[in-house]
Amino acid sequence: GPPGCGKTTLARILAKHTDLHFEQLSAIFSGVGDLRKVFDSAKIRKTNEQGTLLFVDEIHRFNTSQQDAFLPVMEDGTITLIGATTENPSFELNAALLSRAQVLVLKRLDEEALETLLQKAESDIGSELPLDKDARELLKTMADGDGRYILTMAEQILSQTDKLDSESLLQL
């Protein structure tokens with residue numbers, strides 16, 4: 001799915017609701033050594049009857065042999081793997097890994113979802129964002145389906161004391 005659509009958040013929610021221990025790695029900064037450490041810890045948890053959900057961000061950055069490292073621990077149930085990518089997994093992941101996975105496509109957030117995020121942020125802070133109607137609509141357009149972006153912008157907007165119009169929003 002695209003940036004800011006909730007891939008990591010979804011993985012965390014799944015781990016929480018399935019009582020799995022959550023581990024997170026980025027394929028950009030990790031290698032086979034890092035994977036082995038996670039797998040070894042997951043094996044210990046498995047013997048203690050706790051599962052592990054491993055979330056790997058940018059999984060398409062792992063080469064074929066690195067992707068192959070997941071196969072035995074997926075097959076024996078040591079880990080439940082969620083691999084996130086902004087690329088098409090059919091072209092970026094090897095066939096062996098894909099054959100053991102279910103691919104879900106997440107889409108960019110629509111205007112309604114972005115509005116829900118803004119309302120949740122406002123509920124959490126206990127006040128409305130200082131935006132006029134046009135500026136609020138512009139903010140959702142600027143976010144272009146990216147929930148992380150809209151929440152970051154909401155934090156910046158909260159530091160403003162005056163109500164923002166569209167022009168002043170663009171200057172932030």
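**Reading the nonpolar core and its aromatic rings**

Guide: Both F62 and F70 are buried, where buried means under 20% relative accessible area, exposed over 50% and partly exposed in between (1.4 Å probe, protein chains only). This is a predicted model, with local features needing pLDDT of at least 70, side-chain atom pairs counting only at pLDDT 80 or more, and totals for chains, interfaces and linings using all residues. Residues are numbered from 1 along each chain as its sequence is written, and side-chain values use heavy atoms, leaving out hydrogens and water.

Visitor: How many residues does the largest nonpolar core have?

Guide: In soluble globular proteins, nonpolar side chains tend to be buried together. A nonpolar core is a set of buried Ala, Val, Leu, Ile, Met, Phe, Trp, Tyr and Cys residues joined through side-chain atoms within 4.5 Å. Here the largest one has 18 residues, and those with the most contacts inside it are L54, V56, I59, F70, I79, L81 and L97. Apart from it lies another core, of 14 residues, including L109 and M153.

Visitor: And how do I read the aromatic pairs?

Guide: A pair of aromatic rings is described by the distance of the centres and the angle of the planes. Rings of Phe, Tyr and Trp (its six-membered ring) pair if their centres lie within 6.5 Å; planes under 30 degrees apart are stacked, over 60 edge-to-face, the rest tilted. This structure holds 3 such pairs. F39 and F70 are edge-to-face because their centres are 5.9 Å apart and their planes at 70°.

Visitor: Which kind of pair do F62 and F70 form?

Guide: A tilted one, 5.9 Å centre to centre with 55° between the planes. F39, F62 and F70 form one aromatic cluster.
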